Amino acid sequence: MADGSAQFNFPKEEEKILEFWREIDAFKRSQELNKDKEPFAFFDGPPFATGLPHYGHLLAGTIKDIVTRFAHSTGHSVERRFGWDCHGLPVEYEVDKALGITGKADVLAMGIDKYNEECRSIVMRYAKEWRQTVERAGRWIDFDNDYKTLNVEFMESVWWVFKTLFDKGQVYRGVRVMPFSTACSTPVSNFEAQQNYKDVSDPSVVVSFPLLNDPSVAFLAWTTTPWTLPSNLALCVNPTHDFIKFLDEASGNTYIMIEKRLSILYKDPSKAKIKILERMKGADLKGIQYVPLFEYFYKEFEATGFRILNDEYVDDSAGTGVVHQAPAFGEDDYRVCINHGVITADGHIPCPVDESGKYFDVITDFKGMHVKEADKLIQKHIKGMGRLIVQTQINHSYPFCWRSDTPLIYKAFPSWFVRVQPIVDKMLKNNAQSRWVPGFVQEKRFANWIANARDWNISRSRYWGTPIPIWATEDFSEMHCIGSLAELEELSGCGKLTDIHRHFIDHITFKSPKTGKTMRRVEDVFDCWFESGSMPYAQQHYPFENKESFSKGFPADFISEGLDQTRGWFYTLLVLSTHLFDTPPAKNQIVSGLVLASDGKKMSKRLKNYPEANIILDAYGADALRLYLINSPVVRAETLKFKEEGVKDVITKVFLPWYNAYKFFVNQTVLLKKEFNHDFMYNGALKKSDNVMDRWMLASCQSLIKFVREEMTNYRLYTVVPRLLRLIEELTNWYVRFNRRRLKGENGLEDATQAMNTLFEVLYTLVRVMSPFTPFLTENMYQTLKNFVPKDPKIVDDRSVHFLDFPEVKEEYFDDDIERAMSRMQAVIELGRTTRERKTISLKTPLKELVVIHPDPQYHADVKSLESYIVDELNVRSLIVTSDEAQYGVKYTIEADFRSLGAKLKKDAVKVKNALPKLSEEQIKDFIRNKAITIEGHNLGEEDLTVVRFFESSENSLETNSDKDVLILLDVKRYPELEQEGLAREIINRVQRLRKKAGLEPTDMIHMYYEFTQDLNNALEQVIKEQEETLVRALKRSLEPIATKKEADAVIIEEAQEVNGSTFNLTLVRD
């Protein structure tokens, strides 16, 4: 661990900490220390190990780690088990690609047993890389006691979940038009289909359908899926829409469509050469028959199909107002055709497309072709028939398979469903019982999704997954759902089961207890979302084991995932917890946003538009990445455009100032030993300091503790970093900067010890408060800081900061008077600094006088109590605090916020504006006293007007500045007697810069020599002689002429310097 004496490399030091944690088995030890404390239940959603972790995983892992570390440090036992999603399409897709498998026939030829074992062999392909990255990111989670969805114990609990729902009548088998992945040969659920929309260009065609009894007239129907036209069975119109029959004079053809959409045919319908022959409602068209486009299914459905149907789902925002119906390929198509008797629920539904998206032989003209590839040929075919009226392209958003990244189609498929619609109200009620951060996700996005939820398709016609445990007769007249291995073993007599994947149980049959008929398992497996939604129960093999521990930890205290999981894991957890226990799955849920590349596009390995995570970790360390992520919009469920400079900024703006304050403390302990032979040790019983800044700094530190406790209790991680920055600013730019002399012992050992006690307490508190957020840096600092704390018998193991409790708030440290005085001192100093900057006068140049003008005696007392700090920081010789405004020519004016005043007074605001400059100073002062004034008949108060004091004087050496509360006057005139002191400060600055360049520490004693090469008017020579006391106080030794240096002295560094036009060589020599 770094001791504060060398250059600090954050990522390298983190690697040392990782090794230290391994040596002491830190995570396991921390779990042991808290094992008997109150449980804090955390569920970790399982990722797939078939791909490498990315920033989204690191973000989620960071949030989870921070919350669980905080829970641990506040007196809880937190089980943190990593989980793996091992089943489903992601695994099968990789195997299919590797083995060239294109469909079911290939799998059956290979054998389901061999196929599944291939899947098993790759599920943990990147587990080692996952563990390395997760541990490198500083996340403490149990990989050795992980859960895997392929474990038989997990799968058995999934069976129990399903059987419970089945026995409640919440499972059914139905045919439904579902989003279907032809690349993966399986249907996907509606919420999966919502996860990967892309903007694509598709065909947009208008096709004619001549009337059967009058072929000279044709309906015009519009579609963006020409591949569905061979399965057309009907046309549908809205009964309320207004239709026209019109003659297209250019072609001589007569068409029927809605008048509102003529623009699909004509660029400017008002100029189109058409003749309207008849007007009618959509209801008038119902039942009219038309000539089929294709005759593949004409004979079968001639009696019920190929006619106009009515339904109000057809809108008039696009197309022609006439929609073609292919019931196997559209949800509305299926519903409308069922309702009108075109097809029956238990009858044949023309679905001439196989699982890989290719036409069956019945579609003779396009057999064997993939439907998307057939689009162009079908259009060509229709054009040859003279029935393609419009042929163009449309750009629109279209769903893609979330795994194969190929276009989905909609296709009728027999599937198993869990009922969701009957429990929507319960789900909304349970959702309202959880705390979501941010709240808008719960109230809007998630609640809206639940309110419109459909029944959940939980089956997949695949191979590698938990088999659906339904055994049925051939005609499905009887079904039996198995809920455990023991039940299946008993019913079938199959013997002891150790694995229940398909190839181990598909052959198992048993006789129906009722009819004696043979019952076989249905072929389907569970959708992997059903498994991940079951993880609260399955990870503990509930209810077969761990009933007591489960009951204590359900619902979970905390879960977290990305915004996309509102339609994924968050949703499936809620569906199942509502069905099983009528409760939310978790009490608190943090939702994170999406991490994009810096250009606002999706991170892409192909485009190389982002730096790899491991590169960032190696360059800047995990702590910097963690703090960057949680201080971004992404923790508020918004989008983050990832920028490497942002991670770098955490180092420069947060860690370096913080580390430098720590390093300064360590160096000062060495200095106290050298100067006073004093071994510093923190003394918690030391009498309360009389120093205002000591008490203010300690109070600020307690404010941080209180703030972090409150915010973390409410799961608002994103508010912590700004508050941390504020404390570091107060510590480095105010406390340490203003108390350097005290800390260095210039006011004596007693005062130095008091200041060091304060500095240590702040640093020691910071490492404990920030340990959940920046586990590496806090551990690194703690390993040194703990040596300055007396052993506490209450602490069982103090080897790691992560074994310690989160600090309790010390209410006795808070002091409103101190905070008020400090804020006033800071206001005066900031005004003085900006005045110097405005006049380009360095802080090293002493100025004669600062006047602070304020009417409040308490303000005077506050500023006077901190006078020494103001005088030192602003480098002025005297400070005058007064309320005598007349002596200094202070005048008053009054200003208004005319935007808000305009909204309040309307036209009269102009009258008030014109009246303000005419107010006398007495009237303004009266307003200050009474906080009210009447102008142009309007009563106005402090919320409307602001009093501004200003200064007018012929004395041009006084510069003024004000923050609308206090007014300062700074004498900026240069005085010869002060010029020398300013030059002395410049010389000190050159020595200190050269020390730093040479890598010297403050405790390194050296000799300093100078040799002038050009000294204008002997100015610097005179400064060195006459300001010797100032130089020695700062440098600890005199600055000597080079002639006094001995030949044998070892030169550390030598460099030319320039001060105020004079030049000299500065040489540093070892003591």
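## Ground rules

Contact here means heavy atoms within 4.5 Å of each other. Helices (H or I, at least four residues) and strands (E, at least two) are DSSP runs, numbered from the N terminus.

What you're looking at is a predicted model, where local features need pLDDT of at least 70, side-chain atom pairs count only at pLDDT 80 or more, and totals for chains, interfaces and linings use all residues. Residues are numbered from 1 along each chain as its sequence is written, and side-chain values use heavy atoms, with hydrogens and water left out.

## A helix tucked inside

Let's start with helix α28, residues 775-785: 11 of its 11 residues are buried, so the rest of the structure largely encloses it. Buried means under 20% relative accessible area, with exposed over 50% and partly exposed in between (1.4 Å probe, protein chains only). Among the buried residues of α28 are Pro775, Phe776, Glu779 and Tyr782.

What do they pack against? The buried residues of α28 pack against α1 (10-24), α3 (55-73), α7 (127-136), α22 (622-630), α23 (644-676) and α27 (749-770). Phe776 also has a charge over its face: Arg136, at 5.7 Å from the ring centre. A charge sits over a ring if NZ of Lys or CZ of Arg is within 6 Å of the ring centre and within 35 degrees of the ring normal. Elsewhere, Lys372 lies over the face of Tyr398, at 4.7 Å from the ring centre.

## Rings meeting rings

Rings of Phe, Tyr and Trp (its six-membered ring) pair if their centres lie within 6.5 Å; planes under 30 degrees apart count as stacked, over 60 as edge-to-face and the rest as tilted. That rule gives 68 aromatic pairs. One of them is Phe162 with Phe530, edge-to-face at 6.1 Å centre to centre and 80° between the planes. This pair ties together distant parts of the chain, with Phe162 in helix α8 (residues 152-167) and Phe530 in helix α17 (residues 528-533), 368 residues apart. Phe162 is buried at 0% relative accessible area, and Phe530 is buried at 0% too.

There's also a cluster linked by ring pairs: Phe43, Trp160, Tyr537, Tyr542, Phe550, Phe554 and Phe581.

Two strands pair if DSSP finds at least two bridges between them.

Val852 stands opposite Ile968 in β36.
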